[in-house]
Amino acid sequence: MKFFLLASLIGFCWAQYDPQTQYGRTAIVHLFEWRWVDIAKECERYLAPKGFGGVQVSPPNENIVVNNPSRPWWERYQPISYKICTRSGNEDEFKDMVTRCNNVGVRIYVDAVINHMCGAGGGAGTSSTCGSYYNANNRDFPSVPYSGWDFNDGKCDGEIYNYNDANQVRNCRLTGLLDLALEKDYVRTTVANYMNRLIDIGVAGFRLDAAKHMWPGDIKAVLDKLHNLNTRWFSQGSRPFIFQEVIDLGGEAIKSSEYFGNGRVTEFKYGAKLGTVIRKWNGEKMAYLKNWGEGWGFVPSDRALVFVDNHDNQRGHGAGGASILTFWDARMYKMAVGFMLAHPYGFTRVMSSYRWARNFQDGKDVNDWIGPPNNNGVTKEVTINPDTTCGNDWVCEHRWRQIRNMVAFRNVVSGQPFSNWWDNGSNQVAFGRGNRGFIVFNNDDWALSATLQTGLPAGTYCDVISGDKINDYCTGAKVNVGSDGKAYFSISNSAEDPFIAIHAESKL
């Protein structure tokens, strides 16, 4: 009996690190600013057939409406109430999306904005996505309801000025946003009630926005109030997956490790350092990636959610150093995402973006605020072109063959050890995942030509970067693996995609 109780407790403690994806699905995608009706379709027509485990969706709760020609993306991060009502759709559309995605085994993770409400200068009125009245000037949000008692105004005289003062970071206003007093049971219960509504609808977990700006104990108190996941799609006693936005690049008062007890954390050093390596800045080389992961000072693998870029830092915000690779740097970006999906470290999230008209002044994009593709503020449909790419200015990196096929690669090699590392001392590297997959990169300014140990059984394999295996035919290059597990690889330094990947299920 004691053993059973201990096992149950251990299982419960570990549950929040489990993404609750269907068995064999190992990566999720952030469909940033997509409408619920488009996500429902994408789950059925693409994400499920291609092996994606889940979708991070934009905040579904009512937010302030910023009336300018394109309604900025950041208005989604200024809550007015917890009604499910945004430019992505209404509550019925949200429920339909969650049901349809779960029915095909694709999980939904909500971006939960629970640290704050709208900005202190947000004024008053009904300029909100559901028409709810609010008055930011006197902290009045009757649709919640919240009043002046529910904010941290008494603890702090305004903004965060010093990131080496943990009290200031967690009690003061992040860029003017009204900071909720999460140490109060009423606020904790109100936030938990919102999250429980989403859990009961069928969501699998949450990204906790601005987690660094909340005390870990306050987050835990909210999480302790959460329901188990909906047994229509999840096994009895399943707990919501939690990943917390904690920007910890070192040198500040707050450390990612303080949040491990609550769930995974977003490892922002991952994309920043991988971008520096792929760009070959500061003398970095891909050969140095041999001990990638904890060896680079990252959080433990089972506590990390990793990504090459996210909606903030692809715009230069939130740990958005110049090294961050995005869809604008397509050739290097595909290599970086390919590396991430092949490497065993962390739980991976792929970004799916939209285009905007960039305008650099003094090195800064002054158009970094622009919201999703829209007609007079109404978000455009995600249309699909005959070649399976997206129209209407939706980028859909998750539909790029090289990325979508590497999601499949990750599924195939799941649980296999990092093996058969090779490098040339510079920017040509290769590694395997046990006997299930092998990947080779050439990021040097000269051709790669080498015979390498793949660890794979003998046979002819389809390179899933240059093409697809369709039945027993390959639309791209082929790789012949000998009886000794070795194969010859040749990659031009001018190739559009200077990497090759083969795996057990790409064998012809």
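Which residue is the bridge partner of Gly-205 in strand 12? The partner is Phe-241. Strands here are DSSP runs of E with at least two residues, helices are runs of H or I with at least four residues, and both are numbered from the N terminus. This is a predicted model, in which local features need pLDDT of at least 70 and side-chain atom pairs count only at pLDDT 80 or more, while totals for chains, interfaces and linings use all residues. Residues are numbered from 1 along each chain as its sequence is written, and side-chain values use heavy atoms, with hydrogens and water left out.

Strand 11 (residues 205-208) runs parallel to strand 12, joined by 4 bridges; two strands count as paired if DSSP finds at least two bridges between them. From strand 12 (residues 241-244), Phe-241 and Phe-243 point one way and Ile-242 and Gln-244 the other way. These four residues are all buried, meaning under 20% relative accessible area with a 1.4 Å probe, protein chains only.

The domain assignment gives domain 1 (14-266 + 354-394) and domain 2 (418-506); such bounds come from an automatic or database assignment. The C-alpha centres of the two domains lie 39 Å apart. In an unreviewed entry, UniProt lists residues 419-507 as "domain: Alpha-amylase C-terminal", and such annotations may be inferred rather than shown by experiment. That span is 0% helix and 52% strand.

An open antiparallel sheet is formed by 4 strands in the order 20-21-22-29. Its edge strands, each pairing on one side only, are strand 20 (418-423) and strand 29 (499-503). Inside the order, strand 21 (residues 428-433) and strand 22 (residues 437-442) are joined by 6 bridges, and Ala-430 stands opposite Val-440 in strand 22. Helix 9 (residues 401-413) lies across strand 21, strand 22 and strand 29, at about 40° to strand 29. Angles run from 0 to 180 degrees between N-to-C directions, with axes fitted to C-alpha atoms, for helices over the stretch in contact.

The largest nonpolar core has 135 residues, of which Ile-39 and Phe-206 touch the most other members. Because domain 1 and domain 2 both give residues to this core, it lies between them. A nonpolar core is a set of buried Ala, Val, Leu, Ile, Met, Phe, Trp, Tyr and Cys residues joined through side-chain atoms within 4.5 Å. Among the residues that Ile-39 touches are Leu-31, Trp-34 and Val-55, where contact means heavy atoms within 4.5 Å. A second, separate core of 15 residues includes Val-440, Tyr-461, Phe-489 and Ile-491.

Conventions: Buried < 20%, exposed > 50% of the residue type's maximum accessible area, 1.4 Å probe, protein only. Lists of a residue's contacts leave out its neighbours within four places in sequence.
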